[in-house]
Amino acid sequence: MKRIFIALAAFMTLSLGVSAQQVKSPADAAKAVDAAEKTAENPKNAAKTATWLKLAKAYKGAYDAAVGPAIKGVDKAQVSVLLGSEKPSSVTSVVVGGQPYTKEVYENRNLYFNGNNILVFIEVTKEVVENSRQKSLTAYQKAASLDPKGSKTKEISEGIDEISKTYLDDALTAYNVGNVAKSSKYFSLAAAAKETAPLNQIDTTAIYNTAVTALMVNDDVTAEKYLNRCKDIKYFEDGEVFAKLGQVYQNRQDTVAMVKVLEEGFVEFPKNQSILIGLINYYLTSKTNTQRLFDLLDKAKQNEPNNASLYYVEGNIHKELKEYDAAAASYNQASEVNPSYEYGFIGCGQMYYDLAVDASTAASNEADDNKYMALMDKANDYLKKSISPFESAFKVSTDKEVRLIIAEYLKNIYFRFRTQDEGYAANYEKYKNICDTKEIPN
């Protein structure tokens, strides 16, 4: 589920700790910045850490003023109280991520309320002071340089961290309201802020999301930069970093670089489906010998001969190549290497089930009765072949959610044959009860 966390995160992101009492009006925030800047212009004051801390906080306060006093997660009535006399210049109905929202437009921000009138997004459209957060970071760095003993390091680091959080929050909002390019920019700024001294932290999520969102808007230069950064810090997102780098090189029609990075990722993450499908597609379309895939797997097996997942991946490759007997043999070998590894059984059962669906679909489009019956017989044979591996998977798995999914497959299969045999009928009732109750008997 990590693949969709960007879209979900905005719904889980709460207020950054700015209460209504702490937020100045835009006019007052601008005055505070002006006063702090004038103080910092005085050479005597400019030599003091406190001067730059005050300036950094004034710049941050200017950004908070643009956000306003509204707090995400509260209802429209409460927001109205927090905003006081401030009223929207327009109110429109919009669709965000396929869901209806009410959008209220203000001078510095847009507020998005969901169908339950809860404030979900705050989108800053006009800053009180231009580039206030970058200016705040610069002021914090200046404060740190005037603090050789580090007495203010904690305060400075906390201030920098708050700025990084605002960028992350804006990135999530931009993504959710459909401005992916802006989202990528804010993710990169969040990552950069996090690495600012003296905080000096690496935000792997922000770095990876910069690349993902850049790739979504065809900004291959940025995507490549941040994906390679992920590799440098050894953040691979279960192999997706290699898969996405492969996509960058594919977009550039650099097949040599694409294959190199996909093979590199395959060695480290042989179970990653994005990498696997990318390699299979390349070898098939280029008419290159697909044996290369098996050679890579064989190298992995030499290092981990008892790793059942490698045989499972081998089965997946054979399946994609439509080598179904070989696929079944590999899936079975995965189960032999590790009898408690449910995915060998699942892979085999899923393959036969999918073949049954394909045959049944073909039959439904067949006008010739004899051909129709032949295809239905084939579908039934495949379904019956899927029973044993699915039953084995159900027995050995210790994951309740996985077992419930398997139970759903078995329920559907036994339903198909329930009138043919009492055993089939009994098993249909067994798995139907499991699916209905979501309870698995001991």
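Is Phe-242 buried or exposed? I looked this up before anything else. Phe-242 is buried, at a relative accessible area of 2%. The cut-off for buried is under 20%, so 2% qualifies. I note here that the model is predicted.

**Aromatic pairs**

I went through the ring pairs next. I count 20 aromatic pairs. In one of them, the ring centres of Phe-242 and Phe-269 are 6.1 Å apart. I then looked up where the two rings sit. Phe-242 belongs to helix α11, residues 240-251. Phe-269 is in the loop between α12 (255-268) and α13 (273-285). Phe-269 is partly exposed, with a relative accessible area of 21%.

I turned to Tyr-312 and Tyr-341. Their ring centres lie 6.3 Å apart, and the planes are at 75°. Over 60° counts as edge-to-face, so that is my label for this pair. Tyr-312 is in helix α15, residues 308-320. Tyr-341 is in the loop between α16 (324-337) and α17 (342-364). The pair therefore ties together parts 29 residues apart in sequence. Tyr-341 counts as buried, at 14% relative accessibility.

I also found a cluster. Ring pairs link Phe-394, Tyr-414, Phe-417, Tyr-424 and Tyr-431.

**Charges over rings**

Which residue lies over the face of Phe-417? I find Lys-384 there, at 4.9 Å from the ring centre. Phe-417 is also one of the rings in the cluster. I logged a second case at Tyr-63. Arg-133 lies over the face of that ring, 3.9 Å from its centre.

**Strands**

I followed β1 (residues 90-96) into β2 (residues 99-105). The two strands run antiparallel and are joined by seven bridges. Val-94 stands opposite Tyr-101 in β2. The hairpin of β1 and β2 has two residues between the strands. In this hairpin, Gly-97 takes a positive phi near 60°.

I went on to β3, residues 109-113. Four bridges join β2 to β3, and these strands run antiparallel. The bridge partner of Thr-102 is Phe-113 in β3. I note three residues between β2 and β3 in their hairpin.

**Helices α10 and α11**

How do α10 and α11 pack, and at what angle? I read an angle of about 150°, with the axes 10 Å apart. That makes α10 roughly antiparallel to α11. Helix α10 covers residues 220-232. The crossing of α10 past α11 is left-handed.

**Backbone checks**

I kept the backbone for the end. Most residues other than glycine have a negative phi, and most peptide bonds are trans.

The loop between α10 and α11 holds Lys-234. Lys-234 is not a glycine, yet its phi is positive, about 60°. Glu-237 is found in the loop between α10 and α11 too. Its phi is near 50°, again positive in a residue other than glycine.

Are Lys-234 and Glu-237 buried or exposed? Lys-234 counts as exposed, at 65% relative accessibility. Glu-237 counts as buried, at 6%.

My last entry is a peptide bond. The bond from Ala-197 to Pro-198 is cis, with omega near 5°. I place Pro-198 in the loop between α8 (180-194) and α9 (204-216).

Definitions and conventions: Residues numbered from 1 in each chain as written. Predicted model: local features only at pLDDT ≥ 70, side-chain atom pairs only at ≥ 80, totals over all residues. Heavy atoms only, no water. Phe/Tyr/Trp six-rings, centres within 6.5 Å; stacked < 30°, edge-to-face > 60°. Buried < 20%, exposed > 50% of the residue type's maximum accessible area, 1.4 Å probe, protein only. Lys NZ or Arg CZ within 6 Å of the ring centre and 35° of its normal. Pairing = 2+ DSSP bridges. Axes fitted to C-alpha atoms, helices over the stretch in contact; angles between N-to-C directions. Parallel < 35°, antiparallel > 145°, perpendicular 65-115°, else oblique. Left-handed = near helix turned anticlockwise from the far one by under 90°.
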